[in-house]
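Here are some exercises to work through with the sequence and the 3D view side by side. Try each task yourself before you read its solution.

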Amino acid sequence: MGRYSARHMRSLILIGHGSHLNGESATAVYRYADLIRERGLYDEVVEGYWKEEPSLRQVLRTTSSTDVTVIPMFISEGYFTEVVIPRELGLGHQGPVPPGGVARVIGGRTVRYTLPYGVHPSMTDVILARAREALPDFSAQDTALIVLGHGTTRNENSNKVIYRAADLIRESGQFAQVQALFLDEEPKVGTWPEVISAPRVVVVPFFASEGWHTLETIPEDMGLTGEVTAFPENPHGAQTVYYAKPVGTHPAVADVILHLAQEASGALAQDGDVERGHEQAWQTVLSRARRGLRIGEVMITPDSGVYELRHALDEGRPGAELRTLVTPEGVRDTIRKDDGGEHRPVHTLRNAPRGWRAVLSEEDLRRAVHYAYPAVVEETYAHTCHALRATPWPTTARRQTGIYAKVQKATPEQVEHVAHDVCTSCLRTRLWAGEKLTHTFLDGVPGGIPCAEACTVLVAEVREEVSGKRGEKAGHAH
């Protein structure tokens, strides 16, 4: 294997849902990636998303190693972890994931796919940690614990993890009572005064992130006014409720993720290596960057062994007028919103924010460019090597399931009508629609970026078009 095999190389991918509309959805995944990256146990930690970039279809291409472990950042098993993620990654697996995960070889990479972190037994420790923060002196004499889940009628697995956690903690004897309650199924959270008799009650939401449910609906359903709420006249007498933060935002989840990765099927195989195509793509970009390079709206300028990144429209502006960033994460957090503060789920749209400059080492440059334009380097290089296969719209449409299955009914005219609105403001060239791209940013054409498959934003808009709702939105917009 030559000079590349001096040590075992490993990549870790964290998969989040992401959102077209709300940038907060991806924040928890980013934070855990940062925590794990700091520990230095993996050569790289990469994030991938269903509704943001890099997409599930792109993310494997962005890993630099041939040894890849994929962790779904979800609280419970269900349709998404059992059907959608395996399908989009090309795992050739559907249905429940076995305890040790699933291992496949995909495009020369060994890919291990695990259960979601929420089902790991050590999550009970995270529940207890949250309970202890809310009420440090909880006791088996006078304290009840409510493990609060979302619940759903769509997938029977989603409540299993809540019941299992409640059972394990009940068996430990640390509380007078332990009760699983749910937002969307029986027994519902609003019934807590009838089922809980202890005078002190700790409520721990088994949710992945802080959001609408944890901040609004749960307090409303329970009658809470803050972190501590007194109920002097409940059916079982006076009770005080202590409301904890959701389990999914606790730093200890990083340990749970690492446990899952270490237990993954075949995780001890010592065959990880540099992925050659990925490395060649980046070496090509770095050799261009050493002479100065523009990718899309971002200019890269070499300067005494470091590199400056800035918006091309800020060319010539004195550095003192721009906000200076010194880490790839700074670039990531800046580039995720446009100048109006709106979320940017697709980074190749021509709306990158202005007013910043990043000064970075060559090592950090790679990650910063990845954050600015996820998967663009790898896909563009593959295109120049005639190794990027375009996926025509009908194939993308056939892969859609659930509420998106109706895009299969879209006529070519409807798809083109939506694409005219969505794709004309994007830098990419639609190879999936038969367009040709002869020169790329590697040839000095900044906007030369291939689009191998319709993005999830386009799929969502086509669904609106087929449903007849898109015209309504357009009508309101105009």
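**Exercise 1. Is H386 buried or exposed?** Keep in mind that this is a predicted model.

*Solution.* Step 1: recall the cut-offs, since buried means under 20% relative accessible area and exposed means over 50%. Step 2: look up the residue; H386 has a relative accessible area of 76%, so H386 is exposed. Step 3: find its place, which is the loop between helix 11 (376-384) and helix 12 (393-398). Step 4: check the backbone, where phi of H386 is near 60 degrees, a positive value in a residue other than glycine. Most residues other than glycine have a negative phi.

**Exercise 2. Find S304 and say what its phi is.**

*Solution.* Step 1: go to the loop between strand 12 (298-303) and strand 13 (306-311), where S304 is found. Step 2: read the angle; S304 is not a glycine, yet its phi is positive, about 50 degrees. Step 3: apply the cut-off again; S304 has 74% relative accessibility and therefore counts as exposed.

**Exercise 3. Decide why S19 counts as buried, and list what it touches.**

*Solution.* Step 1: locate S19 in the loop between strand 1 (11-16) and helix 1 (27-39). Step 2: S19 counts as buried because its relative accessibility is 14%. Step 3: leave out residues up to four places away in sequence, and S19 touches S25, K51, E52, H343 and P345. Step 4: look at the side chain of S19, which has a polar atom 2.9 Å from the backbone nitrogen of L21.

**Exercise 4. Which residues of helix 6 are buried, and what covers them?**

*Solution.* Step 1: select helix 6, residues 212-222; its buried residues are T214, T217, I218, P219 and M222. Step 2: compare their numbers with the turn of a helix. An α-helix has 3.6 residues a turn, so residues three or four places apart point the same way. Step 3: look at the cover, which includes strand 6 (143-149), helix 5 (192-195), strand 8 (200-205), strand 9 (228-234) and strand 10 (237-243).

**Exercise 5. How do strand 8 and strand 9 each run relative to strand 10?**

*Solution.* Step 1: strand 8 and strand 10 run parallel and are joined by four bridges. Step 2: strand 9 and strand 10 run antiparallel, with five bridges between them. Step 3: look at the turn; strand 9 and strand 10 form a hairpin with two residues between them. N234 stands opposite G237 in strand 10.

**Exercise 6. What lines the largest cavity?**

*Solution.* Step 1: the structure holds one cavity of 30 Å³ or more, and the largest cavity has a volume of about 60 Å³. Step 2: its lining includes E53, P54, R332 and H370. Step 3: sorted by type, the lining residues are six nonpolar, two polar and four charged.

Definitions and conventions
Residues numbered from 1 in each chain as written. Predicted model: local features only at pLDDT ≥ 70, side-chain atom pairs only at ≥ 80, totals over all residues. Heavy atoms only, no water. 1 Å grid on protein atoms, 1.4 Å probe; cavity = no way out; pocket = protein on both sides within 12 Å on 5 of 7 lines; lining within 4 Å. Points joined across faces, edges and corners; volume = space filled by probe spheres on them. Nonpolar A, V, L, I, M, F, W, Y, C, P; charged D, E, K, R; others polar. Buried < 20%, exposed > 50% of the residue type's maximum accessible area, 1.4 Å probe, protein only. Contact = heavy atoms within 4.5 Å. Pairing = 2+ DSSP bridges. Polar contact = N/O pair within 3.5 Å; in protein donor to acceptor, adjacent residues only side chain to side chain.
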